[in-house]
Amino acid sequence: MDWKKTYKNRLLTADAAVQKIKSGNRISISHAVGEPSYLVEAMVANRESYRDVEIVHMVSMGEAEYAHPGMEQYFRHNALFVGAKTRKTVQDGHGDFTPCYFSQIPNIWGRTLPLDVALIHVSPPDKHGYCSLGVSVDYSKHAAEQAKIVIAQVNTHMPRTLGDCFVHVSEIDYIVEYDQPLLTLNPPKISDVEKAIGENCASLVKDGDCLQLGIGAIPDAVLLFLKGKKDLGIHTEMFSDGVIELVEAGVINNSKKNFNKGKMVATFLMGTQKLYDFVDNNPMISMHPSTYTNDPYIAGQNDNLVSINSCVQVDLLGQVCSETVGMTQISAVGGQVDFVRAAGISKGGRSIIAMPSTAKGGTISKIVSVLDEGAAVTTSRYDVEYLVTEHGIANLKNRTVRDRARMLIQIAHPDFRADLIKQFEKRFNAKF
Ligand code: COA
């Protein structure tokens, strides 16, 4: 097949490409900084031609204009993760939220949410006609396989990552060439409380461990305290700029991994241009759909897998809420439960949920007797293992409910311990 001819024949302007979208279609957009911004802008500009186009998406790092007030007749947002840009749409009832483990999201397209159109973002084709999905493989690869129509933004700024992350030109129906820098995520500012949490988490990491780190200040704080470790590996959902320094220092070398030895395995990436340059054509990086990275039985094949994620609230039974504040959906499960379970399966594995002991400027405790009314349990008490705050570490696995409650109170903020002890004695009919 002459893929170069196919490529040429399928070239369109963005305006012409988004006219292939029809009213009532269901569309997926590549995730996070993998968003094909040029196509999304063209789709929003073409909105008068559409009614009731369903946009299914995880995190939008762009402006998510399709979810803004006034767009309801053109677009309906169906969120698989509630991020900052689409939170208000879901809260106001103009958007929906569909709970789904990240490991299972790619399979949604072929089952409950069949796709009419996939908007993807890729690197230019290599000499064999393969384009890399770069920083967003996650559900994008399955979307490109399942959708009736695939529209791709081909961008020279998209890093050519390696792994199971390629789409052939013949699989793309319409090609829009447009170069623009990728969306970025700057490293977070790390507070003293987060540093203390990072140090506590790092004390649970041993030389030779394989790590999964979530996103944000706490995972970045953990990385700060790993500089003295040796031979760490990575099998994760995503990583950011924070790992580069540890790779350059030889701390992360993936040499002790028993599964995908020598490779850093991930499904999506988010960071600055420094990260995008680091992963470009880098054989150390192996990108895969989230059906692979996040499947607990696959990730759990890594011995000594340590997962580190964060949460909103935990009750005295060890039930972890990571996605709602009371009735309000502010986030989603993402890969948290996938990796808690993977670490549970892994020989020598450990799962850590780490959080500051208080929220709202120290006015409320994140360790509570009962979860807020309407809160969702994300990681259940059957799955939870380590809970870490700036005040210490509690290992809840296989401990009685009274013991785990006692341990949790010991790592709560001192200002709230007396009240929690009172609640404990009432609830469990026992002395603290
Ligand atoms: N009660 C009331 N509000 C609370 C609260 C509590 N116990 N805990 C947090 N909040 C509020 C914060 O004040 C903040 O509100 P604001 O945006 O109005 O300031 C908001 O909830 C988010 O809290 P914050 O501490 O800023 O969040 P974070 O950036 O550290 O993220 C999670 C924490 C739990 C939302 C995030 O880790 C997450 O989404 N986890 C689930 C998915 C996951 O684990 N993925 C892992 C693989 S990447």
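What is the volume of the largest cavity? The largest cavity has a volume of about 70 Å³. A cavity here is a set of points, on a 1 Å grid over the protein atoms alone, where a 1.4 Å probe fits but cannot get out. Its volume is the space filled by probe spheres set on the points, which are joined across faces, edges and corners.

The model is predicted: local features need pLDDT of at least 70, side-chain atom pairs count only at pLDDT 80 or more, and totals for chains, interfaces and linings use all residues. Residues are numbered from 1 along each chain as its sequence is written, and side-chain values use heavy atoms, with hydrogens and water left out.

**Cavities**

Searching the whole structure gives three cavities of 30 Å³ or more. Residues that line the largest cavity, meaning that they have an atom within 4 Å of a point, include Leu 213, Ile 215, Pro 219, Asp 220, Met 238 and Phe 239.

**The ligand**

The ligand is surrounded by 20 residues, each with a heavy atom within 4 Å of it. Asn 309, Val 312, Ser 331, Gln 336 and Lys 366 are the closest. This shell comprises 10 nonpolar, seven polar and three charged residues; Asp, Glu, Lys and Arg count as charged, Ala, Val, Leu, Ile, Met, Phe, Trp, Tyr, Cys and Pro as nonpolar, and the others, Gly among them, as polar.

| Residue | Ligand atom | Distance |
|---|---|---|
| Ser 331 | oxygen | 2.4 Å |
| Lys 360 | oxygen | 3.4 Å |
| Lys 366 | nitrogen | 2.9 Å |

On its own the ligand has 970 Å² of accessible area, of which the protein covers 68%; such areas come from the Shrake-Rupley method with a 1.4 Å probe.

**Cysteines**

The whole structure contains zero disulfides, a disulfide being a pair of cysteine sulfur atoms within 2.5 Å. For Cys 100, the nearest cysteine sulfur belongs to Cys 321 and is 18 Å away. Cys 100 counts as buried (under 20% relative accessible area) because its relative accessibility is 15%. Cys 210, at 2% relative accessibility, is likewise buried.

Technical notes: Buried means under 20% relative accessible area, exposed over 50%, partly exposed in between (1.4 Å probe, protein chains only). A polar contact is a pair of N or O atoms within 3.5 Å; within protein, one must be able to donate a hydrogen and the other to accept it, and residues adjacent in sequence count only if both atoms are side-chain atoms. On a 1 Å grid over the protein atoms alone, a cavity is a set of points where a 1.4 Å probe fits but cannot get out, and a pocket is an open set with protein on both sides within 12 Å along at least five of seven lines; lining residues have an atom within 4 Å of a point.
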